[in-house]
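Good morning, and thank you for joining this group meeting.

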Amino acid sequence: MIYTITVNPSIDYVLQLKNLNTGEVNRTAKDVKLPGGKGINVSRILKELEVDSTALGFVGGATGSMFEALLSQHDLKTAFTKVAEDTRINVKINATEQNKETEINGAGPNITDTERQSFMDNLNGIGAGDIVIMAGSLCKNLDSKFYLDIAETIQKQGADFVIDTTGQALLDTLPLHPLVVKPNHHELADLFNVTFKNEQEIITYARKLLDQGAKHVLVSMAGDGALLVTKDKAYKANAPKGTVVNSVGAGDSMIAGFAGTFMETKDPIESFHMGAACGSATAFSQDIAIKEKIDKVYQDISITEL
Ligand SMILES: Nc1ncnc2c1ncn2[C@@H]1O[C@H](COP(=O)(O)OP(=O)(O)OP(=O)(O)O)[C@@H](O)[C@H]1O
Ligand SMILES: O=P(O)(O)OC[C@@]1(O)O[C@H](CO)[C@@H](O)[C@@H]1O
C-alpha cells in the first residue's frame, strides 16, 4: 500500500481571468475549487493509475469539511487527523492573456501537541512493503524535524519513503535513504545556493543528493522536461508539445507516476517514463490528469540516456 502524507492540505481556489492587475479590482472569467495539497494530488494520480493509496494529513474547521466534501468526489481512502484550526485556502490565478500563473498559498493551521501525537499514532499500521510519500510544506508551527520524525518512525516499521519538500527538511531526511526525491531545478539550485548554466551542472548537483543518501533523484524542469540521475548515468525525459492549461500539481503527478510504477515494477527507467507522462498530462489539464490523457501523453515521451 502507498500512504501519502499531506501535512498541510488545502482548498485550491483556481481563478481564471484574462489579465491580473494588482492593486485593482479584478473579476474572474471562471473559477473552480479543488481539493489540494501535494500528497492529495499524488493520491489522485495513483487512483488514475489504479494503485491503492491512503491519504493522511491534518484537516480542520469549516474549510476542512469543505475540503473533505470536495475530496469525497474522488473516492480516495483517507485517514485524516482532525485539528481545531481551519484547513488553508490556496489561491491560484491563471492570467490567460498574460500567460502567467500566480499562486498565494496559506500558512495553514497551528497543530497542537495532542494533534501531532494523534497523527504519529495513526502511522502504527504502516509496515514492510509499504511506501510513504510525504509531500508539501509543513503547517506554520511544526518544526522542520517533523518529516524526519515521520521518516524515522515508518522506517523502523520497515516501510520505504519518498519526500517532496524543500530546504533543510529535505536535506535532514537524506541519510535515511528516501526511495526518490524530486526537486525542481530551481529548488535544487537553492539547496546549494548556486545558479545552473547548463544540464551538466544540474546533474552534478543532483548527484550530491545521491551522495547524501537518496536512492533516486528526479529533477523536474517544467517545460524543459525532467532528468533521472543515478550514480553513473543520467537520463532525460522530453516535455511533449501541448497546451499548458494549469501546471499546478505537475510535480506531484510526476512523483505519483514514478512511485506507483516503481511499487509494481522496481524499474527506475520505466517509472521515470510514467512519472514524466503524468507530469505533462497534468500540465495539459485544468485539474489533475485523468488516465486517458496520461496514456496519450506517455506515447509522446521518450527517455534518452545522456
Ligand atoms: N509546460 C509543460 N509542458 C510539458 N510538460 C510539462 C510542463 N510543465 C511541467 N511538465 C512536466 O511535469 C514535470 C513536473 O513539472 P514541474 O517541473 O513544473 O514540477 P514542480 O515545480 O514540482 O511543479 P508543482 O509544484 O506545480 O507541482 C516536468 O518535469 C515535465 O515533465
Ligand atoms: O504550500 P505547499 O504545500 O508547498 O504547496 C501546496 C500546493 O501549492 O501544492 C499543490 C501543487 O503541487 C497544490 O495543490 C497546493 O495548493
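This is a predicted model: local features need pLDDT of at least 70, side-chain atom pairs count only at pLDDT 80 or more; totals for chains, interfaces and linings use all residues.

The crossing of helix 1 and helix 8 is right-handed.

Which residues of helix 1 and helix 8 make the contact? On the side of helix 1 they are Lys-38, Asn-41, Val-42, Ile-45 and Leu-46. Helix 8 contributes Asp-252, Ser-253, Ile-255, Ala-256, Gly-257 and Gly-260. By class, the residues of this contact divide into 5 nonpolar, 4 polar and 2 charged.

Let me continue with helix 9, residues 268-283, and helix 10, residues 291-299. This pair packs at an angle of about 120 degrees, with axes 8 Å apart. Helix 9 is therefore oblique to helix 10. Their crossing is right-handed. From helix 9, His-273, Met-274, Ala-277, Cys-278, Ser-280 and Ala-281 meet Lys-293, Ile-294, Val-297 and Tyr-298 in helix 10. The residues of this contact comprise 7 nonpolar, 2 polar and 1 charged.

The next pair is helix 6, residues 185-192, with helix 7, residues 199-211. Their axes come within 10 Å and cross at roughly 65 degrees. Helix 6 is therefore roughly perpendicular to helix 7. Helix 6 passes helix 7 in a left-handed crossing. Here His-185, Leu-188 and Phe-192 of helix 6 meet Ile-202, Tyr-205, Ala-206 and Lys-208 of helix 7. This contact has 5 nonpolar residues, 1 polar and 1 charged.

I now turn to the ligands. How many residues surround ligand 1? There are 21, and the closest are Ser-220, Ala-226, Gly-251, Gly-279 and Ser-280. Helix 8 and helix 9 are the elements that give two or more residues to this shell. By class, the shell around ligand 1 has 11 nonpolar, 9 polar and 1 charged residues.

Around ligand 2 there are 16 residues, the closest being Gly-36, Asn-90, Asn-105, Gly-136 and Ser-137. The elements that give two or more residues to this shell are strand 2 (10-17), helix 1 (38-48) and helix 8 (250-265). How does the shell around ligand 2 divide by class, and how many of its residues are polar? It has 1 nonpolar, 11 polar and 4 charged residues.

Finally, a word on annotation. An unreviewed UniProt entry places the feature "domain: Carbohydrate kinase PfkB" at residues 11-285. In the model, the end C-alpha atoms of that span lie 18 Å apart. The span is 37% helix and 23% strand.

Thank you for your attention.

Key
Residues are numbered from 1 along each chain as its sequence is written. Chains are lettered from A and ligands numbered from 1 in the order in which they are written. UniProt positions are given in the numbering used here, feature names are shortened, and annotations may be inferred rather than shown by experiment. Helices (H or I, at least four residues) and strands (E, at least two) are DSSP runs, numbered from the N terminus. A residue is near a molecule or strand if its C-beta atom, placed from the backbone, lies within 6 Å of it. Ala, Val, Leu, Ile, Met, Phe, Trp, Tyr, Cys and Pro count as nonpolar, Asp, Glu, Lys and Arg as charged, and the others, Gly among them, as polar. Axes are lines fitted to C-alpha atoms, for helices over the stretch in contact, and angles run from 0 to 180 degrees between N-to-C directions. Angles under 35 degrees count as roughly parallel, over 145 as roughly antiparallel, 65 to 115 as roughly perpendicular and the rest as oblique. A crossing is left-handed if the near helix is turned anticlockwise from the far one by less than a right angle, and right-handed if clockwise. Two residues are in contact if their C-beta atoms, placed from the backbone, lie within 7 Å.
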